[in-house]
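Subject: The two-chain model, and what I found in it

Hi,

Here is the structure I promised to pass on. Have a look at it first, then read my notes below with the picture open beside you.

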Amino acid sequence: MKQKKGLVWIALILLLAFAAAGCGSSGEEPTAKEEVIRVAVAGPMAFVQGEHHWMGAEMAAQEINDAGGIKVGDKNYKYELIKVDTNELMSVSDAATAVERAITEQKADFITGTIRTEAALAIQDVAMDYKKIFMVAGASFIGLADKVEEDYERYKYWFRISPINGNLLAQTSLLLLQDVSKVLREDLNIETPKVALVFEKAQAGDALAAAAQQVVPSFGMEVVGLWRPSPTATDLTAELTAIQDSGAHIIYTYFSAASGVPYAKQWGELQIPAVSVGINVEAQAQGFMAATDGRGNYEYTLNTYGPVEITDKTLPFYNEFIKRNGEYPTYNAGGTYDSLYILKEAIERAGTLDQDAIVVEMEKTDMDSTIGRFVFDEKHDVTWGPGYVTAVGTQWQDGKLVCTWPNGWQGITYPGTVEYKLPPWVVEAYK
Amino acid sequence: MTGYLYHLYQAFKEEILFLPSRLIALVGIIALVLLPLFSQSPYTLKVFTLASIFAILAASWDLLSGFVGQLNLGHALFFGVAAYTSALLNLHYGLSPWMTIPLGALMAVVTGMLVGIPALRLRGQYLSLATLAFPLILTGIIYVFPDFTGGELGVSGLSRLSNSRLADYYITVGLALGLGFLMWKITDSKIGLIFHAIREDEIAVRAAGINTTKYKLLAFAFSGFFAGISGGLYAHVMRLAGPSTLDVFMSFQPIIWTAFGGIATIYGAIIGVYLLYPFMEVLRIVPEYRMLIFAVIIILVLRIMPQGLSPWVIERIQKECPRCKRHNAFTRKTCKACGTSLEKPSLGGDSFKLEVKTSE
């Protein structure tokens, strides 16, 4: 009897699942009459990165469709988005089959999204097998772009929209470091700032550690120590007190995982007499202030967005996104958003939906995106530099995220940029 | 010639057609072989290709943990070692998959030995915890030598397994069925008997004079070999080998599939994968609830069928003869081999009469 009941439960659940699928599958079947361009938005939809992929793409698709759609020759096409949950943070094979299904069963013509590099590599191969344009909005691994150079004919359908690749992220964070050292020299008369390097124990941290130790002395600064905390560390008081003992004036950071929160919170609580600058991905998020119990002020991190007008597309996107979704957009959301606009321009220039022709036009892209003047380099990667995409430096001041860099760097200052502020306890310590 | 064929046919009739479970298995095998006739969609073929690879992995886990009772919570170690070995040999030395996969499997065997020798000093839960640690250790080592191993990002750009999706499909399905059959035969042999005995009562086996450590190491070796084959196949089908192959999720998947399909049966593991893996793909129509439904189904099945799906089904379609232990179809009334009645005796009715004689 118990077995019969159990079987009935299983049958009921399966029935409910398929019923829910039946109700919710509107938009999955290809609509025959309307002219549509199907774009698969691929990301880990149960996590914030995937959610942002979807929210950014949805916003762009709606804006473009409301404005009339995409003109291909003399026909008007609309964007139709396919939400593809890659589950890439848990399983790479899941991600690859999800995208393959999107292409073969759901008839996606273009793909945008992804975050995890291993999954991006697997999805890249799937997309290239089917010769579908794949625009990355999350993975920064430079190897993805190298493939375009190594085997152009196969990999030419791959493009990166965001972020700037790993090497450029490191390079730009070093610019932030120099910026801060200048402030210390001018305001606090510290001629040779001492720098403590704190890079989480991850591969990107390894590369940065090697580079920083070589490069920082050439900026007229002294490296006083290297700390490698675990990406899942919840207590960094040991590292912070050691840093205080070393007499460091600057803490140069790389945090891409959760440990960025306890780091900043304890740095603020202990009032370590050193400024904090570098990359702290947690500090890019809206919830950072709450997560650090209000102690995260003055944390200074490289970012894709800040409340500044990088181009005239930035603030409308930034503000509308916050209005619609209640949180700051990340480079995942901006990536998928920009990818749909860049794709639109390329399709319209090509006048056809032929992938090869669109690739040629994509390579000629030169337009304002939300992150700057957007041009692809020869490896189909984001071109970085003054006048192009530079990224921004954002600092938390009075519980709000503001943009403080570039502030005159190479003559560039985005409207809305404010002055960098030294934490008051640091000023006190070195007066 | 005809005599031989006739005997073959008789054997076929006796062993396969006779038992409903084997008939179902035969139908399943034919369905797998003929699947491409019904659907040449590359997506469907890819799903079943991956299912075949994971079927080999699950069966290899069952061989070690189901049969020998050494609960291995770090089976991904063999999978990952072989995937990385195949990948690195392919990338740096240009060896073809036909060479890299067996070499990867051999590397997994060596790893199994290296891991087994210290681990087998432990018993029960302690062995399981130790096995859990090994893939994590290897992941750490991989991160320490990123130039050689690709670090967190893995090794990519590998050769394909074969030139077409269809050929991939047949290679993996063929290997899954072939290696699965081989594993099943191992469990059915004298070695298998010892494995089984070790699980039930290791002390008794040792008392009988058998070196159980040697046999446990043998089990690690077999299990590692077959898991290694599946790891090598995976690397060449995905064209990528990364730290995800050593993930704890990858260790737990074969356990879930095998527990669902029928533990300690080999065929249960294979059936579990071929049912659950495509089912997970079908569940993509409800992406938000996919994992949840999967978990709920597994929990429910294990509630009503604690031994797994296959033993439950077999219990219903076959009867074991009480005298000679031969399995018979459920429709039969008497055992084919010894003629004993298969009916369960019912108390009361016509079977026997109990008479009480009162003294006159």
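Let's start with helix α9 (residues 237–246) of chain A, which lies across β7, β8 and β9 of chain A and runs at about 160° to β8(A). For such angles, axes are lines fitted to C-alpha atoms (for helices over the stretch in contact), and values run from 0 to 180 degrees between N-to-C directions. Helices (H or I, at least four residues) and strands (E, at least two) are DSSP runs, numbered from the N terminus.

Some housekeeping before we go on. This is a predicted model, and local features need pLDDT of at least 70, side-chain atom pairs count only at pLDDT 80 or more, while totals for chains, interfaces and linings use all residues. Residues are numbered from 1 along each chain as its sequence is written, and chains are lettered from A and ligands numbered from 1 in the order in which they are written.

**The sheet under that helix**

The strands β7, β8 and β9 of chain A belong to an open sheet of seven, ordered β8-β7-β9-β10-β11-β14-β15, with mixed pairing. (Two strands pair if DSSP finds at least two bridges between them.) Which strands stand at the edges? They are β8 (222–227) and β15 (400–405) of chain A; each has a single partner strand, so one side of each is left without a neighbour in the sheet. From one strand to the next, the twist averages 25°.

Inside this sheet, strand β7 (residues 194–199) of chain A runs parallel to strand β9 (residues 250–255) of chain A, and five bridges join them. If you want to find one of these on screen, look for F199(A), whose bridge partner in β9(A) is Y254(A).

**A covered strand in chain A**

Now go to strand β1 (residues 36–43) of chain A, where seven of the eight residues are buried. Buried means that 20 or more other C-beta atoms lie within 10 Å of a residue's own, exposed means 12 or fewer, and partly exposed is in between, with C-beta atoms placed from the backbone. Eight bridges tie β1(A) to strand β3 (residues 75–85) of chain A in a parallel arrangement, and there A42(A) stands opposite V84(A). β1(A) also pairs with β4(A), again parallel, over four bridges; here A40(A) stands opposite I111(A).

**Domains and the other chain**

Chain A is divided into domain 1 (35–163 + 311–375) and domain 2 (167–303 + 391–430); these bounds come from an automatic or database domain assignment. The domain centres, taken over C-alpha atoms, are 32 Å apart. Six residues of domain 1 are in contact with six of domain 2, where contact means that two C-beta atoms, placed from the backbone, lie within 7 Å.

Between the chains, 35 residues of chain A are in contact with 33 residues of chain B. On chain A's side, the elements that give two or more residues are α1 (2–24), α3 (92–104), α4 (117–129) and α8 (203–215). α1(A) gives the most, with eleven residues.

pLDDT is the predictor's confidence in each residue, from 0 to 100. The mean for chain A is 89, and 95% of its residues reach 70 or more. Where in chain A is confidence lowest? In α1(A), at a mean of 66, whereas strand β4 (residues 110–113) of chain A is highest at 96. Over residues 23–33 of chain A, pLDDT stays under 50. For chain B the mean is 87, with 96% of residues at 70 or more. The complex as a whole gets an ipTM of 0.77 and a pTM of 0.82.

**A quick look at chain B**

Chain B has 15 helices and four strands, and buried residues make up 43% of its 360 residues. Its C-alpha trace spans about 100 × 55 × 55 Å along the principal axes.

L300(B), in helix α14 (residues 290–304) of chain B, counts as partly exposed because it has 15 C-beta neighbours inside 10 Å.

Cheers

Key. Pairing = 2+ DSSP bridges.
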